[in-house]
Amino acid sequence: MKHISGYFSSLALLLFSLGAFAQEQPADTTVAVPKTYRYGIRVGTDLYRLTRSLYDDNYKGLEIVADYRLTRKIYLAGELGNEEKTVDDNQLNFTTNGSYFKVGFDYNAYENWLDMENMLYVGVRYGVSTFSQTLNSYTIYQNTDILDTAASNNYFPDVTVAANQEFTGLSAHWIEVVGGVKAEVFDNVFIGFSVRLKNLISNKKPDNFDNLHIPGFDRTYAGNFGAGFNYTVSYFIPLYKTQAKKAEAAPKE
Amino acid sequence: MKKTSALFTLVLLVAASFFGCEKDDICAEGTLTTPSILIEFYDRDNTTVPKAATNFGYFVEGMDTIKITGNATEIRLPLRVDTTSVKWGLILSTPVTGQDPILNTDFLEFDYTTQQLYVSRACGYKTNFFLTQGTDSAPNPLLTDSPDESELWIQEITVDKTNIEDENEAHIRIFF
C-alpha cells in the first residue's frame with residue numbers, strides 16, 4: 001500500500017502541474033495566435049516495472065509504451081511488455097513468465113492552451129498475453145483443527161510439496177479501460193500515469209492449477225476483473241504539423 | 001470534458017479500491033479442503049440406531065490423544081497426506097460408578113492412495129483419499145486389538161464410501 005499511495009501522490013502532483021500550466025497563461029489573449037498541432041509518435045517505458053525490477057528479486061519486467069496521434073484528440077496507443085514474477089503466498093509459490101501486447105485508443109479530453117500538448121485522457125485496450133506458469137511448491141491445506149490447543153493446529157504436520165512443475169502454452173485475452181494523464185516536462189519529454197480496469201475475455205488455465213498472475217493483466221481475482229497502473233516517461237518524435245483555422249484560434253477564457 | 005473527467009475519476013477510484021484488497025489471502029471457512037474420514041457409531045444390536053460413545057478418545061501412535069468431552073455419535077479421523085497408510089487408535093471409555101472408567105483401545109489401519117487437487121489461491125491444494133479395496137484376508141481398514149487387552153470393542157465395520165472427497169456423508173460405520 002505504501003507504494004500505491006506514493007503513486008497517487010505523484011498523480012496528484014501531475015494533475016496539479018497541469019493546472020499550473022493553465023494558469024501561466026495571461027488571462028487576456030486578444031492576440032490571435034493560430035494554434036498549431038503537432039503530430040507524431042511518442043515512445044516510452046513504464047518506470048514502475050523498470051524500477052521494480054531493480055529492487056524486487058521476485059520481479060523482472062519491461063514495458064514499452066507508444067502512441068500515435070491520429071486526430072487532434074484521438075491517439076492510437078499500445079503497450080508491449082515482458083514479465084517474470086514469482087509469487088510467494090502462504091499456500092503456494094509460483095513463477096509466471098511471459099509477454100504481452102495491448103493496442104487501442106486514447107481520447108484526450110484536456111483543452112490545451114496554445115501549442116501545449118498535455119493530456120488527460122480515457123482509453124480502451126485489447127490485451128493479449130502468452131505465458132507459462134511454474135508451480136514451484138505448495139503446502140497442502142489441511143483443516144483438521146481437532147486439538148483443543150492453539151487455533152488452526154492441524155493434527156499432522158504441514159506438508160510442503162516441491163512440485164517444480166511447469167505449465168506452458170498458456171494465454172489470455174482481455175479488455176482494459178484506461179484513465180490517465182501525460183504532461184510535457186521538457187521539450188518533447190512526457191511523464192504520465194495511468195490506471196486500468198481490466199476484464200478477461202478468455203483465459204487458458206493449466207490443468208489442476210490456475211493463472212493467478214498474467215503478464216500485462218497482473219493479479220487475477222475470483223472473477224474476470226483486474227486492475228493495474230503504469231508510470232511512464234516517453235519521448236515525442238514530431239512528424240508533421242497542422243494549424244487551426246482562424247475561427248477556432250486560441251481558446252478564450 | 002466534464003463527463004470525461006468524471007469517468008476518469010471513477011476509473012481511478014475503482015482501481016484504487018482494487019489495490020486496497022490485495023491481501024485477502026485467507027482460505028475461507030467452509031471451503032472444501034482436505035477431508036477427514038467421517039465415522040459414525042451404531043448400535044450392534046439395532047444396526048440402524050446411532051449410538052453415542054462417551055468421552056471418546058483417538059490417537060496416532062506417538063502423537064497426542066484427541067478427547068471428545070461428552071457424547072459423540074461420529075468422529076472425524078484425518079489421514080496423513082504424505083503417506084499411504086495411517087493407524088488410528090480408538091479408545092472406548094466405559095463409565096464405572098465410583099471408579100475410573102474402563103478404557104478399551106482398538107486400532108484401525110487405513111490403506112489408501114492420494115490425489116492433490118488445486119482449490120484456490122488462498123487455500124492452495126487439498127488432498128483427496130481413496131481407500132484401497134479390502135479383501136476377506138486383508139480387510140481395509142484392518143481392525144486389530146491393543147496387545148494388553150483381550151477383547152475388541154468394535155464388533156463390525158462397514159465401508160460405505162471408499163472415496164474420501166468430502167465429509168457430507170459417513171465413509172465408515174462402526175457397530176459396537
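Visitor: Leaving aside neighbours within four places in sequence, which residues is I39(B) in contact with?

Guide: This is a predicted model, in which local features need pLDDT of at least 70 and side-chain atom pairs count only at pLDDT 80 or more, while totals for chains, interfaces and linings use all residues. Residues are numbered from 1 along each chain as its sequence is written, and chains are lettered from A and ligands numbered from 1 in the order in which they are written.

Beyond four places in sequence, I39(B) is in contact with E74(B), I75(B), L77(B), A170(B), I172(B) and I174(B). Contact here requires that the C-beta atoms of two residues, placed from the backbone, lie within 7 Å. I39(B) also belongs to the largest nonpolar core, which has 25 residues; I37(B), I39(B) and Y58(B) touch the most other members. Such a core is a set of buried Ala, Val, Leu, Ile, Met, Phe, Trp, Tyr and Cys residues joined through C-beta atoms within 7 Å. Buried means that 20 or more other C-beta atoms lie within 10 Å of the residue's own; 12 or fewer makes a residue exposed, the range in between partly exposed, and these C-beta atoms are placed from the backbone. In soluble globular proteins, nonpolar side chains tend to be buried together.

At least two residues of the core come from each of β1 (37-42), β6 (74-77), β7 (85-94), β8 (102-120), β9 (124-131) and β13 (172-175) of chain B. The largest share, five residues, is that of β1(B). Strands (E, at least two residues) and helices (H or I, at least four) are DSSP runs, numbered from the N terminus. A second, separate core has 15 residues, including M119(A), L120(A), V178(A) and Y231(A).

In chain B, four strands form an open sheet of mixed pairing, in the order β6-β1-β13-β11. Because β6 and β11 (156-159) of chain B stand at the edges with a single partner strand each, one side of each has no neighbour in the sheet. From one strand to the next, the twist averages 25 degrees; the axes behind such angles are lines fitted to C-alpha atoms, for helices over the stretch in contact, and angles run from 0 to 180 degrees between N-to-C directions. Two strands count as paired if DSSP finds at least two bridges between them. β1(B) and β13(B) pair in the parallel sense over four bridges, and F41(B) has I174(B) as its bridge partner in β13(B).

The loop between β12 (163-164) and β13 of chain B holds E167(B). Not counting residues up to four places away in sequence, E167(B) touches P35(B), S36(B), L38(B) and R76(B). E167(B) is partly exposed because 14 other C-beta atoms lie within 10 Å. Its C-alpha atom and that of S137(B), 30 residues apart along the chain, are separated by 29 Å. Elsewhere in chain B, a cis peptide bond joins N140(B) and P141(B), with omega about 5 degrees; P141(B) lies in the loop between β9 and β10 (142-145).

β2 (residues 59-69) and β3 (residues 74-88) of chain A pair in the antiparallel sense over eleven bridges, forming a hairpin with four residues between them. β3(A) and β4(A) pair in the antiparallel sense over 15 bridges, and this hairpin has three residues between its strands. N188(A), in the loop between β7 (165-186) and β8 (189-203) of chain A, has a positive phi of about 65 degrees although it is not a glycine.

Confidence is given by pLDDT, the predictor's value for each residue, from 0 to 100. Chain B averages 86, and 85% of its residues score at least 70; chain A averages 85, with 79% scoring at least 70. Among the elements of chain A, helix α1 (residues 2-24) has the lowest mean pLDDT (47) and strand β4 (residues 92-108) the highest (97). Where pLDDT is low, the predicted coordinates should not be read in detail. The model scores ipTM 0.80 and pTM 0.80.
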